[in-house]
Every structure is written in C-alpha cells, then in structure tokens.
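Hi everyone, thanks for coming. Let me put the next structure up on the screen, and then we'll walk through it together.

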Amino acid sequence: MEEKGKKKGCVSLEGEKVILVPYMDAHVPKYHQWMKDPSLLQATASEPLTLQQEYLMQLSWSQDPHKETFIVLDKDFVVGDFSHGEPHLEAMAGDVNIFMNDLDNPHVAEVEIMIAEPKSRRKGLAKESVMMMMTFAIDKLGINIFQVKIGESNGASLDLFKNLGFVQTSYSSIFKEVTLELQITQAKKEEMLGLMGTVIKHT
C-alpha cells in the first residue's frame, strides 16, 4: 500500500475493469480532443481551453494538494503488460477526480467522473472508477463525506451515484444542478475496503 506522505503522481490503482493512472502530460493531447465535444463540456460544466491551457491545467492539478486526478484506462484496450509510469494512451477512457476544497472540513471531498470514449461506455467503468477513487480517498486521505454536483439533465450520472448510496442534499435552480452526498460510516468503510481489494502500485 502507499506510504503516508508519498508524493502525488506515484500511485496507480488496478481493478477488474479499469486501471487508474496519474494524469500525465502525455495524456493532454487526447484529453484536449475529448473536451472539444460540446456534450462533454456541458456534462462536466467546463469551458473550452486551448491545448496550451490544457497543459497548464494538467500541471496545476498535478501539483495541487487539494486535488487528486486519475486517468481511467479501459483494461480491454491496454496493449501488452501494464507498466506503472507509462501513459498507455491506447486505453484512455476518461478521468476521475476528487477535490478537497472545504476549508472548514478537510474530510469532505467532491467527486467527478467522466467516461469520454464511446467504446468504453456502458461497461461499468464509471462505477468501478468511482468506487476505487473513494476507497483510495478513505484509506489514504481520511475522507469520510463525498459530494457530487450533477446537472439535473444528466440522468446517467444521477442514477450512478444514487445507486452507490448518495442522497440528494440540495438543488440549485439557478445552475439546474443537484448536490448529492454520501457519508462514510465505519461499517461502510470496512465494506468498501473489503470489496475493492484494489492493487496499489507506486514508483
């Protein structure tokens, strides 16, 4: 398992269907292509960036202690043996993030998931990626409350998080956005850590 205090970007998480790897500069061009899709921009409440801006964003995320970002690799498309530290561009499917921006409570994190590649959708990758990210955050970052903010028209994401046990806590009529929350009890923590059995690799 990862040692406490290990620097960011040195951990990969492997599950049954996905491998989560650090967001590297080699991933940026393909990520940039994804974010030219208007539907993805809308679903992620993002603004279009230039390629240079995307590189700067990747650099800032990699250094920000309040963010953890992983690229989701679809194991069906990994060529050869997986090697930690390699970007495996051929298998890029999306990304999963957590943001620890609540200054009043460092144990709260907001979760985001995007499966951008059409060929990797409807395979359960989003669910496994979110479960792995939350398990990592519980075990390594001390998070015990997870939140998501989802546009009311994004039925697939709403269903995903509700099925994971998230419950609605607020609604913004201005942004047409629903906030859902999951509080991690000790029993839930033990259940998640036991179910995932995630392999954690680091340099």
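So, how many helices and strands does the protein chain have? The secondary structure comes to 6 helices and 9 strands, where helices (H or I, at least four residues) and strands (E, at least two) are DSSP runs, numbered from the N terminus. Please keep in mind that this is a predicted model, where local features need pLDDT of at least 70, side-chain atom pairs count only at pLDDT 80 or more, and totals for chains, interfaces and linings use all residues. Residues are numbered from 1 along each chain as its sequence is written, and side-chain values use heavy atoms, with hydrogens and water left out.

On to the overall shape. A compact globule of 203 residues would have a radius of gyration near 17 Å, and the protein chain agrees with 16 Å; that is taken over C-alpha atoms, and the globule rule is 2.2 Å times the number of residues to the power 0.38. Of the 203 residues, 46% count as buried, meaning under 20% relative accessible area with a 1.4 Å probe, protein chains only.

Residues 177-183 make up β8, and 5 of its 7 residues are buried. Strand β6 (residues 145-151) pairs with β8 in the antiparallel sense over 7 bridges; pairing here needs at least two DSSP bridges between the strands. Glutamine 147 has glutamate 181 in β8 as its bridge partner. Strand β7 (residues 167-172) also runs antiparallel to β8, joined by 5 bridges, and tyrosine 171 stands opposite valine 178. Between β7 and β8 there are 4 residues, forming a hairpin, and lysine 176 in the turn has a positive phi of about 50°.

Notes:
Buried < 20%, exposed > 50% of the residue type's maximum accessible area, 1.4 Å probe, protein only.
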